[in-house]
Amino acid sequence: LQALTRWGVGAGAARLVAGHYEVHEALESELAACKGTEAALVFATGYAANVGTLSALAGPRDTVFADALVHASLVDGCRLSGARLRFYRHRDLDHLETLLRQSRVRGRRLIVTDGVFSMDGDLAPLPELVDIAERWDALLVVDDAHGTGVVGPGGRGTAHHFGLEGRIPVQVGTLSKALGAQGGFVAGSRSLIELLWHRARAWVYSTALAPALAAAALKALRLAREEDWRRQALRRHARRLRVGLAARGYRVLGEEGAPMTAVMVGDAGAAAELAARLEEGG
């Protein structure tokens, strides 16, 4: 409410024109501290963060190796970059290394993965991916949209869950999932953020995130880091749901600590029927 009173509803322009507010800087500082990086950059949406980051980091001479189940925004960012896009089977590290071995080195290599996969609720094997990226001199990009706020100590995400602080060069995320606001971000080195300031077209040419939403996300980020009881309650609820569904004969996917539970019902018709019955039940 204070932010609305002070700055109004919209930012008015792109950050490089007249849409840059001190609350954006405060949010970016807090995000960098949360992710253990030198800097961060806030986008208007999580989709824009992925598209803008990947289209700025990769080009036609480069090759991107992406997990087959990465989010659509990552796929779109890779395709917009003009880079060659190769998919490796979901969490299949042997397949990833085979593709890396077979690829002809023309430009840079990027490895792209979700931190927590949005459909199945499983975690990426980040320790092994970090080792592979370092061994093959590839840039690792992790979309932690579903990890930020709920996974790892203080809700700092999958990198901290695995003890990999400082070893993942590009961390992307959203402010609209666990934090309940709107927007997206990328966290990394200061040189990475300076590059995106000038080359991420989805950031340069978009109206900035509304200041009131930035203020809401900043408050939510601080609450997430300070109030661990929220994550404990989430884990209890998720565990109860999974155990109860499994006891009723459903095939349930999702890892301990992940915020989503996937219930496999067989086909689209069965899923639609189940959804209608759930809606009828309130």
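1. **Ground rules.** The model is predicted: local features need pLDDT of at least 70, side-chain atom pairs count only at pLDDT 80 or more, and totals for chains, interfaces and linings use all residues. Residues are numbered from 1 along each chain as its sequence is written, and side-chain values use heavy atoms, with hydrogens and water left out. Helices (H or I, at least four residues) and strands (E, at least two) are DSSP runs, numbered from the N terminus.

2. **H3 with H4.** Two packed helices are described by the angle between their axes and the distance between the axes. Axes here are lines fitted to C-alpha atoms, for helices over the stretch in contact, and angles run from 0 to 180 degrees between N-to-C directions. Helix H3 (residues 46-57) packs against helix H4 (residues 72-81) at about 30°, and their axes are 7 Å apart. H3 and H4 are therefore roughly parallel; angles under 35 degrees count as roughly parallel, over 145 as roughly antiparallel, 65 to 115 as roughly perpendicular and the rest as oblique. Their crossing is right-handed. A crossing is right-handed if the near helix is turned clockwise from the far one by less than a right angle, and left-handed if anticlockwise.

3. **Who touches whom in that pair.** Contact means heavy atoms within 4.5 Å. From H3 come Tyr47, Asn50, Val51, Leu54 and Ser55, and from H4 come Ser73, Leu74, Asp76, Gly77, Cys78, Leu80 and Ser81. These residues divide into 6 nonpolar, 5 polar and 1 charged. For the classes, Ala, Val, Leu, Ile, Met, Phe, Trp, Tyr, Cys and Pro count as nonpolar, Asp, Glu, Lys and Arg as charged, and the others, Gly among them, as polar.

4. **H3 with H8.** H3 also packs with helix H8 (residues 190-199), at an angle of about 100° and with the axes 10 Å apart. H3 and H8 are therefore roughly perpendicular to each other. On the H3 side you will find Gly52, Thr53, Ala56 and Leu57, which meet Leu192, Leu195, Leu196 and Arg199 of H8. The contact holds 5 nonpolar, 2 polar and 1 charged residues.

5. **H2 with H10.** The axes of H2 and helix H10 (residues 211-226) come within 9 Å and cross at roughly 25°, which makes H2 roughly parallel to H10. H2 passes H10 in a left-handed crossing. Among the residues that meet are Val23, Leu27 and Leu31 in H2 and Ala214, Leu218 and Leu221 in H10. The residues of this contact divide into 12 nonpolar, 1 polar and 3 charged.

6. **Aromatic pairs.** How many aromatic pairs are there? The count comes to 2. Rings of Phe, Tyr and Trp (its six-membered ring) pair if their centres lie within 6.5 Å; planes under 30 degrees apart count as stacked, over 60 as edge-to-face and the rest as tilted. Trp7 and Tyr21 form an edge-to-face pair, 6.0 Å centre to centre with 70° between the planes. Trp7 lies in helix H1 (residues 2-7) and Tyr21 in the loop between H1 and helix H2 (22-35), so the pair ties together parts that are 14 residues apart in sequence. The ring centres of Trp197 and Trp203 are 4.7 Å apart and their planes stand at 55°, so this pair is tilted.

7. Buried means under 20% relative accessible area, exposed over 50%, and partly exposed in between (1.4 Å probe, protein chains only). Tyr21 is buried at 18%. Trp203 is buried at 3%, whereas Trp197 is partly exposed at 26%.

8. **His146.** Look for His146 in the loop between strand S5 (139-143) and helix H7 (158-161). His146 is buried, with a relative accessible area of 18%. Leaving aside neighbours within four places in sequence, His146 is in contact with Val116, Ser118, Val151, Lys177, Pro259 and Met260.

9. **Two positive phi values.** Arg91, which is not a glycine, has a positive phi near 60°. Arg91 sits in the loop between strand S3 (84-88) and helix H5 (93-102) and is partly exposed at 35%. Asp137, also not a glycine, has a positive phi of about 55°. Asp137 lies in the loop between helix H6 (126-135) and S5 and is exposed at 67%.
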